[in-house]
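Please keep the sequence and the coordinates at hand while reading.

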Amino acid sequence: MRFAPIPCAVGLLCCVLVLCSVPLGTSFPVQDEGKPGITFLEEVGRLRVGFNWRNLTCPVCKVLFTILDVALLSDVNEERVARAVGEACIRLHLAEERVCRQITELFRDDFIRALQQSLLWPSEACALLVGRSCGRFDIYAPWNVTLPRIPKPPVTPPSPPKPGAPQSRVLFLTDIHWDQEYAVGSSADCKDPLCCRNESGSPSWNQRAAGFWGSYSKCDLPLRTVENMLENAARTGPWDWVYWTGDIPAHNIWSQTRKQQLSELTVITRLIQRHLGNLKVYPAIGNHESTPVNSFPPPFVHGNRSSRWLYDTMAEEWAPWLPEQALKTLRHGGFYTVEVQPGLRVVSLNMNFCARENYWLMVNSTDPANQLQWLIHILQASEEKGERASDEKGEWVHIIGHIPPGLCLSSWSWNYYHIINRYEGTITGQFFGHTHMDEFQMFYDEATMTRAVGVAFIAPSITTYVNLNPGYRVYLVDGNYKGSSRFVLDHETYILNLTEANRQPEGGFSSLLPTTSQHAIFHPDPNPKWILLYRASDAYGVSSLFPSDWDGLIRTFLQDDRVFQQFWYLRHKGHVSEPCIDACKTTVVCFLRSGRYDELEQCDLLEFGGDMVSAVRKTLC
C-alpha cells in the first residue's frame with residue numbers, strides 16, 4: 001500500500017507515533033545519532049493526500065500527550081479521550097469531520113490498549129511526531145538475532161545459464177486494492193483520502209470524473225478491472241507458479257470492518273483460483289488485510305484483539321495452495337515456508353512485524369513472533385542440504401513479503417540485512433510490493449558496503465493509487481534442472497493504459513454504464529488490452545539481472561541521465577508528469593541503494609562522486 005500511514009494517523013492523534021515513525025535504535029554497528037532524522041511532519045507534507053499535520057507544534061503536542069497519559073490512567077476516561085482526539089482532528093483540520101470521527105472510533109480500543117502497555121512518555125511521542133528537537137524517542141531498543149556458529153561457506157558468483165536452459169515463468173501480483181464502492185462518474189478529486197466512490201459526490205466543472213476501468217487519481221480499482229487483469233494474465237501464461245504479496249482492500253481505512261476484510265479476502269482468493277486454475281499460488285500478507293490497518297498484534301496478544309480472526313480465514317481460503325505445516329505457522333504468525341520444486345523453497349514473511357506503522361510493536365518490537373530467528377533456521381537447513389560450490393543437492397530459497405525490508409523498523413532491517421549477508425549463497429531471490437512503484441533495493445556486503453550480495457525486487461501495483469496505470473509483473477527465473485541457480489534472469493511489466501481503456505473512439509458501450517454526473521460521458525473499451533510496457537534486459541541493455549547487474553545499473557543512472565529518466569518513466573508504469581532531476585534523482589538513487597533502513601538516513605554517494613545525503617526524504621507506507 002502506498003501512503004497509508006496518513007489516513008491511518010488521522011484516526012487517533014496519538015496513532016501517529018508509530019504510523020510513520022523513524023526509530024533510532026539499530027543492531028550491529030551503531031548509527032550516528034548526530035545525523036538529522038526524518039520527521040513525521042516532513043513526510044506528510046510530501047505525501048499530499050489531504051491532511052495538514054503542520055498545525056501541530058511541539059508545545060501543543062506535549063500538552064496533548066500529557067493530557068492523554070493522565071487520562072488513560074483510568075479506563076473510564078477512554079471514551080472521553082477518544083472524543084477529544086476526534087475533536088482535535090477536526091479542529092486542526094487534519095481531515096474531513098466524517099473521516100475524523102469514523103477513524104477515531106475504529107482505532108480507539110486497540111490503539112489505546114497498545115499505548116497503555118507501551119509506557120510512552122509525551123517527549124518520546126512528540127519526538128516521533130514533530131522531530132528530535134521536541135524530545136527523544138528510543139522505545140524501539142536495538143536487538144540482535146542469533147546466527148549459528150557455523151562458518152559461512154565460500155560464495156560462487158552466479159553466472160548466466162547455458163543457451164536454451166529451461167526457465168520458470170512466475171506471475172507476480174501485488175497491491176490489488178479493490179474498492180467495492182468504486183463509482184463510475186463520481187469525483188476523482190474529492191477531499192477524502194480516497195475518491196472515485198459513491199460518497200465522493202459528483203465532480204464540479206473543474207474536477208475529473210472516475211473512469212470505467214480506473215482513474216489517474218487517489219482512487220483504487222473496481223472489481224471488473226481486477227477480474228480483467230486476471231483474465232489477461234491467464235492468457236499471457238502458461239505460468240509455473242504465482243507469488244502474491246497482499247493488500248487486497250481499498251484505502252478507505254476509516255470505515256472498514258472485519259467482516260468486510262474477510263469478505264474481500266475470500267472474493268479475491270476465489271477469483272484467482274477461478275482464473276488461474278490449478279496453479280500453485282504462494283501468498284504473503286499485506287498491511288491492509290487487517291482492520292484497523294497496520295494492526296498486527298504479535299502472538300503474545302490473545303483473545304479478540306489477536307489476529308486469529310484473519311489468519312484462520314487465510315488458512316482456510318489458502319488451503320488448496322499450502323500444505324498443513326505451512327498453514328500451522330500461518331495461523332500462528334502469518335508466515336510460512338513451502339518447497340516449490342525440488343531444490344527451491346519459498347519463505348513468505350509477515351512484514352507487518354517489521355512495520356513502523358504497526359503500533360502493537362510499541363509493546364515489544366524485538367523479533368516479533370521470533371520470525372527472523374525462524375527464518376535463520378529455515379535458511380540454515382537449506383544451506384546444509386549441500387554446499388553449492390561442490391554439488392547440486394542443495395536448496396535455493398526465495399523470500400516473498402509485502403513491505404520492502406529497507407522501509408522497516410531500524411533494528412529489524414539491520415538484522416534482516418545481516419541474514420541476507422550470511423546466507424547470500426542460499427537466497428537467490430527477494431520479492432516485495434507495497435510502494436506501488438516499479439523499483440528495487442540493493443544489499444551489499446557489510447564489511448565494505450561495495451560488493452552487491454542481493455537485490456530486493458519491488459513490483460508495481462495492480463491498483464492505480466496514486467495516479468498510476470494498473471500493472472503486474474512477470475519474473476523469468478532460472479528453471480527446474482540440475483545445476484540451476486534459481487536466480488531471476490529477466491522480468492516483464494504489463495500495464496493497462498487507462499487513457500486508451502477509458503476512451504473508445506466508436507462509442508456504443510457507454511449506454512451500458514451507470515453514471516452519477518452529467519459530466520460522466522464515457523466510451524470505454526469493453527475489451528481493453530494489457531500491453532507489455534517493457535522487458536528489463538531490453539530496456540536497460542543488460543544480459544542478466546544478478547545483484548551485480550543492478551549495482552552496475554545504478555552507476556549507469558548517475559553517469560547517463562537518459563537511462564535514469566527512462567527508469568523514472570517505467571517506475572511509474574508509464575504515467576509520469578515531469579522528469580526527476582537534482583534532489584529528486586539523488587533521493588531515488590539513495591533509495592535504490594538502501595536495502596537497510598539506516599542507509600536511507602545516511603546515504604553516502606561519495607563513491608559515485610556525489611555528496612553525503614544526511615537524510616533521505618522518502619518513506620512509502
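A disulfide is here a pair of cysteine sulfur atoms within 2.5 Å. The model is predicted, so local features need pLDDT of at least 70 and side-chain atom pairs count only at pLDDT 80 or more, while totals for chains, interfaces and linings use all residues. Residues are numbered from 1 along each chain as its sequence is written, and side-chain values use heavy atoms, with hydrogens and water left out.

**Overall make-up**

- The chain holds 19 helices and 14 strands; helices (H or I, at least four residues) and strands (E, at least two) are DSSP runs, numbered from the N terminus.
- Of its 621 residues, 63% count as buried, where buried means under 20% relative accessible area, exposed over 50%, and partly exposed in between (1.4 Å probe, protein chains only).
- Among the contacts in the chain with a separation of 6 or more, 74% come from residues 24 or more positions apart; a contact means heavy atoms within 4.5 Å.

**Disulfides**

- Searching the whole structure gives 4 disulfides, and three of them are described below, starting with the link of cysteine 196 and cysteine 219.
- The sulfur atoms of cysteine 196 and cysteine 219 are 2.0 Å apart, and the torsion about their S-S bond is about 60°, so this disulfide is right-handed.
- Both cysteine 196 and cysteine 219 lie in the loop between strand 1 (167-173) and helix 8 (223-236), so the pair ties together parts that are 23 residues apart in sequence.
- Cysteine 196 is buried, as is cysteine 219.
- Cysteine 354 and cysteine 408 form a disulfide with their sulfur atoms 2.1 Å apart; the S-S torsion is about -50°, so the link is left-handed.
- Cysteine 354 sits in the loop between strand 5 (344-348) and helix 12 (371-384), and cysteine 408 in the loop between strand 6 (396-400) and helix 13 (410-422), so this pair ties together parts that are 54 residues apart in sequence.
- Cysteine 354 and cysteine 408 are both buried.
- In the disulfide of cysteine 580 and cysteine 584 the sulfur atoms are 1.9 Å apart, and the link is left-handed, with -110° about the S-S bond.
- Cysteine 580 is buried at a relative accessible area of 0%, whereas cysteine 584 counts as partly exposed at 27%.

**Helix 16 and helix 18**

- Helix 16 (residues 547-559) and helix 18 (residues 583-593) pack at an angle of about 170°, with their axes 11 Å apart.
- Axes are lines fitted to C-alpha atoms, for helices over the stretch in contact, and angles run from 0 to 180 degrees between N-to-C directions.
- Helix 16 and helix 18 are therefore roughly antiparallel to each other (under 35 degrees counts as roughly parallel, over 145 as roughly antiparallel, 65 to 115 as roughly perpendicular, and the rest as oblique).
- Ile554, Phe557 and Leu558 of helix 16 meet Lys585, Val589, Leu592 and Arg593 of helix 18.
- The residues of this contact divide into 5 nonpolar, no polar and 2 charged; Ala, Val, Leu, Ile, Met, Phe, Trp, Tyr, Cys and Pro count as nonpolar, Asp, Glu, Lys and Arg as charged, and the others, Gly among them, as polar.

**Helix 9**

- The 19 residues of helix 9 (residues 258-276) should span 27 Å, and its end C-alpha atoms are 27 Å apart, which agrees; the expected span is 1.5 Å times one less than the number of residues.
- Buried residues in helix 9 include Leu265, Ile268, Leu271, Ile272 and Leu276.
- The buried residues of helix 9 pack against strand 1, helix 8, strand 2 (241-244), strand 3 (281-283) and helix 10 (308-318).
- Glycine 277 follows helix 9 and has a positive phi, near 65°.
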